Amino acid sequence: MFNGLFQPTHLILILVVVLIVFGPGKLPEAGKAMGKALRDMRDAFSSEDDEKKEKEQVIVESSDQATKGIDTTKTAASASETTQTTSVNH
């Protein structure tokens, strides 16, 4: 569908139209504004990715802590069973 859309003649035509619309004096300002807009858009997308990664990290850490809590509970339960067994034997 977009095959052959940006051929050199098309790009030259776009450049001519941009020069007519903005003029040669405002062209650097237009390019600067376009670059800033692209940079802001990339930052917004990357910050969303960072937020997702931070949420996943928190979930993994909380599940690890929950697993450690279960292991501690199991250890405490087995220790109390051992104590009860030894007290019964004596």
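Is Glu48 buried, partly exposed or exposed, and what is its relative accessible area? Glu48 is partly exposed, at 44% relative accessible area. The legends below take you through this predicted model view by view.

View 1. Welcome to the overview: the chain has one helix and zero strands. Helix 1 covers residues 8-89. Of the 90 residues, 1% count as buried.

**View 2. A patch of negative charge around Glu48.** Here you can find Glu48, Asp49, Asp50, Glu51 and Glu54 gathered on the surface as a negatively charged patch. Glu48 itself sits in helix 1. With its relative accessible area of 44%, Glu48 falls between the cut-offs of 20% and 50%, so it counts as partly exposed.

View 3. Now look for Leu5, Phe6, Leu11 and Ile14, which make up a nonpolar patch on the surface. Together these four residues have about 400 Å² of accessible area. Leu11 belongs to helix 1, and Leu11 is partly exposed because its relative accessibility is 45%, between the 20% and 50% limits.

Methods
Residues numbered from 1 in each chain as written. Predicted model: local features only at pLDDT ≥ 70, side-chain atom pairs only at ≥ 80, totals over all residues. Heavy atoms only, no water. Patch = residues over 30% accessible without salt bridge, like charges linked within 9 Å, V, L, I, M, F, W, Y side chains within 5 Å. Areas by Shrake-Rupley, 256 points an atom, 1.4 Å probe, with all protein chains shown as cover. Salt bridge = Lys/Arg side-chain N within 4 Å of Asp/Glu carboxyl O. Lys, Arg positive; Asp, Glu negative; His and termini not counted. Charge placed at Lys NZ, Arg CZ, Asp CG, Glu CD. Helix = DSSP H or I, 4+ residues; strand = E, 2+ residues; numbered from the N terminus. Buried < 20%, exposed > 50% of the residue type's maximum accessible area, 1.4 Å probe, protein only.
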